[in-house]
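Please read them alongside the sequence and the coordinates.

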Amino acid sequence: MYGRNMPSAKKYRVAQGLKTGKNFQELAEELNIAQATAEVYGIDCLAAGQDVDHQLIAKYLNIGQESFERIKGEIMSIIDKKLRTVRDNLREEFSYNQIRFVLACQIRELEL
């Protein structure tokens with residue numbers, strides 16, 4: 001479901017920026033990329049086991065405990081293992097990046 005996660009210099013810079021307290025908007029401006037792309041890079045780093053604060057990422061993505069559990073439950077219940085199915089089943093209440101974040105937490109066995 002998660003797909004390929006290839007290392008890159010920009011992903012590394014996002015991880016380092018998160019460690020210094022920068023948010024995704026600041027990182028996107030600094031790297032001249034879309035904010036959604038900066039979010040994906042941060043989530044990829046989390047999934048790959050980089051030392052990034054998943055609680056901070058959750059805050060930036062506006063994911064609280066209840067949202068986390070709803071998304072996690074839906075991920076666990078689907079058969080086809082597609083992000084699109086998860087998003088459709090949640091009636092598009094959550095972005096793909098919010099779903100990717102919860103999935104990355106599951107990969108790393110992290111909870112909020």
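1. Contact here means heavy atoms within 4.5 Å. With that in hand, the cover over the buried residues of α2 includes α1 (9-19), α3 (35-47) and α4. The model is a predicted one, and the points below should be read as comments on a prediction.

2. Helix α2 itself spans residues 24-31. Its buried residues are F24, L27, A28 and L31. Viewed down the axis of α2, these fall within an arc of 100°, so they line one face of the helix.

3. Helix α5 covers residues 65-77, 13 residues in total. From first C-alpha to last, α5 reaches 18 Å, close to the 18 Å expected at 1.5 Å a residue.

4. Which residues of α5 are buried? They are S67, F68, I71, E74 and I75. Seen down the axis of α5, the buried residues lie within an arc of 135°, so they too line one face of their helix. They pack against α6 (83-89) and α7 (96-108). On the face turned away from this buried side, α5 carries the exposed residues E66 and M76.

5. E69 also belongs to helix α5. Its relative accessible area is 36%, so E69 counts as partly exposed. E69 and R91 are 22 residues apart along the chain, and their C-alpha atoms are separated by 16 Å.

6. How many aromatic pairs does the structure hold? There are 2. One of them joins F24 and Y60: the ring centres are 5.8 Å apart and the planes stand at 75°, so this pair is edge-to-face. F24 lies in α2 and Y60 in α4 (residues 54-60), so the pair ties together parts that are 36 residues apart in sequence. F24 counts as buried, at 1% relative accessibility, whereas Y60 is partly exposed, at 26%.

7. F68 and F101 form an aromatic pair as well; their ring centres are 6.4 Å apart and their planes are at 70°, so the arrangement is edge-to-face. With F68 in helix α5 and F101 in helix α7, the pair ties together parts that are 33 residues apart in sequence. Both F68 and F101 are buried. The cut-off for pairing is 6.5 Å between centres, and the reader may wish to hold it against the 6.4 Å for F68 and F101.

8. The charged end of R87 sits over the ring of Y96, 4.8 Å from the ring centre.

9. On disulfides, the count comes to 0. C45 counts as buried at 6% relative accessibility. C105 is buried as well, with a relative accessible area of 0%.

10. Two backbone angles deserve a look. K81, although not a glycine, has a positive phi of about 55°. K81 is placed in the loop between α5 and α6 and counts as partly exposed, at 43% relative accessibility.

11. E92 likewise is not a glycine and has a positive phi of about 55°. The loop that holds E92 runs between α6 and α7. At 47% relative accessibility, E92 counts as partly exposed.

12. Where does G64 lie? G64 is in the loop between α4 and α5, and at 34% relative accessibility it counts as partly exposed. G64 and L112 are 48 residues apart in sequence, while their C-alpha atoms are 7.8 Å apart in space.

Note on methods
Residues are numbered from 1 along each chain as its sequence is written. This is a predicted model: local features need pLDDT of at least 70, side-chain atom pairs count only at pLDDT 80 or more; totals for chains, interfaces and linings use all residues. Side-chain values use heavy atoms; hydrogens and water are left out. Helices (H or I, at least four residues) and strands (E, at least two) are DSSP runs, numbered from the N terminus. The expected span of a helix is 1.5 Å times one less than its number of residues. Buried means under 20% relative accessible area, exposed over 50%, partly exposed in between (1.4 Å probe, protein chains only). The arc is that of the directions from the helix axis to the C-beta atoms. Rings of Phe, Tyr and Trp (its six-membered ring) pair if their centres lie within 6.5 Å; planes under 30 degrees apart count as stacked, over 60 as edge-to-face and the rest as tilted. A charge sits over a ring if NZ of Lys or CZ of Arg is within 6 Å of the ring centre and within 35 degrees of the ring normal. A disulfide is a pair of cysteine sulfur atoms within 2.5 Å.
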